Amino acid sequence: MTEAGPGSESGGNANRACPWCGNASTTFVSRGYAGLTDETSQYFICGACGRTTFELVAKSAREMRFGRYKPGDIYLDRANRTRYQISRVLRVGSNEFLIYLKPLALDETRGVGSQTASEPMA
Ligand SMILES: [Zn+2]
């Protein structure tokens, strides 16, 4: 984990910037198609604030029915206390759906938890 390379400022568009704090030192985790990883979602983790930002999440047909996800709706990530707008719902298999997410700016004014830094994740 040495990222002190030269010219690491603007490393092109391959690096995602954290939508929550703006930091660009993120670690991208791709959805595992080959089955080597059981990662069904695609996301990146911010090295500064530690939040996970989902780009797409996989849901089973049952979860889809239960959650009633549809484009334009708000998707809540309770673990990270973040919100997204569902931009697209795509069926990828007989029992799998992908939900494409667009991060919504943190709304600190609402009582979604007052930015507790009490749980060091790493
Ligand atoms: Zn961040």
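Two residues are taken to be in contact when their C-beta atoms, placed from the backbone, lie within 7 Å. Residue numbers start from 1 along each chain as its sequence is written. The structure is a predicted model, in which local features need a pLDDT of at least 70 and side-chain atom pairs count only at pLDDT 80 or more, while totals for chains, interfaces and linings use all residues.

The pLDDT is the predictor's confidence in each residue, on a scale from 0 to 100. Its mean over the protein is 80, and 70% of the residues reach 70 or more. Over residues 1-12 the pLDDT is below 50, and this stretch has two contacts in the model beyond near neighbours in sequence. Residues 111-119 also stay under 50, and for them the model has four contacts beyond four places in sequence. Among the elements of the protein, strand 5 has the highest mean pLDDT (96) and strand 1 the lowest (92).

The elements themselves are DSSP runs numbered from the N terminus: helices are H or I runs of at least four residues, and strands are E runs of at least two. The protein has one helix and six strands, and from the N terminus on these follow the order β-β-β-α-β-β-β. Of the contacts between residues at least 6 apart in sequence, 37% join residues at least 24 apart.

Next comes the sheet. Strands of a sheet pair through backbone hydrogen bonds, either parallel or antiparallel. Here, two strands count as paired if DSSP finds at least two bridges between them. The six strands form an open sheet in the order 1-2-3-6-5-4, with antiparallel pairing. Strand 1 (26-29) and strand 4 (74-77) are the edge strands, each pairing on one side only. On average, neighbouring strands of this sheet are turned by 35° against each other, direction ignored; for such angles, axes are lines fitted to C-alpha atoms (for helices over the stretch in contact), and angles run from 0 to 180 degrees between N-to-C directions.

Strand 3 (residues 52-60) pairs with strand 6 (residues 96-104) in the antiparallel sense over five bridges. Along this pairing, Leu56 has Tyr100 of strand 6 as its bridge partner, and Lys59 stands opposite Phe97 in strand 6. Strand 5 (residues 82-91) pairs with strand 6 in the antiparallel sense over eight bridges, and these two strands form a hairpin with four residues between them. Here the bridge partner of Tyr84 in strand 6 is Pro103.

Burial is counted from C-beta atoms placed from the backbone: a residue is buried if 20 or more others lie within 10 Å of its own, exposed if 12 or fewer do, and partly exposed in between. By this count, buried residues make up 13% of the 122 residues in the protein. A nonpolar core is a set of buried Ala, Val, Leu, Ile, Met, Phe, Trp, Tyr and Cys residues joined through C-beta atoms within 7 Å. The largest such core holds six residues, namely Val57, Tyr75, Tyr84, Leu98, Ile99 and Leu101. Strand 6 gives the most to this core, with three residues.

Leaving aside neighbours within four places in sequence, Tyr84 is in contact with Phe54, Tyr75, Asp77, Leu101, Lys102, Pro103 and Leu104. From Tyr84 to Leu106, 22 residues away in sequence, the C-alpha to C-alpha distance is 9.6 Å.

Phe54, one of the contacts of Tyr84, sits in strand 3. Phe54 counts as partly exposed, because 19 C-beta neighbours lie inside 10 Å. With neighbours within four places in sequence left aside, Phe54 is in contact with Ser41, Tyr43, Asp77, Tyr84 and Leu101. Tyr43 is 11 residues from Phe54 in sequence, and their C-alpha atoms are 4.1 Å apart.

Two loop arginines complete the picture. Arg68 lies in the loop between helix 1 (61-67) and strand 4 and has a positive phi of about 55° although it is not a glycine. Arg68 counts as exposed because it has 7 C-beta neighbours inside 10 Å. Arg81, in the loop between strand 4 and strand 5, has a phi near 55°, a positive value in a residue other than glycine. Arg81 is partly exposed, since 15 other C-beta atoms lie within 10 Å.
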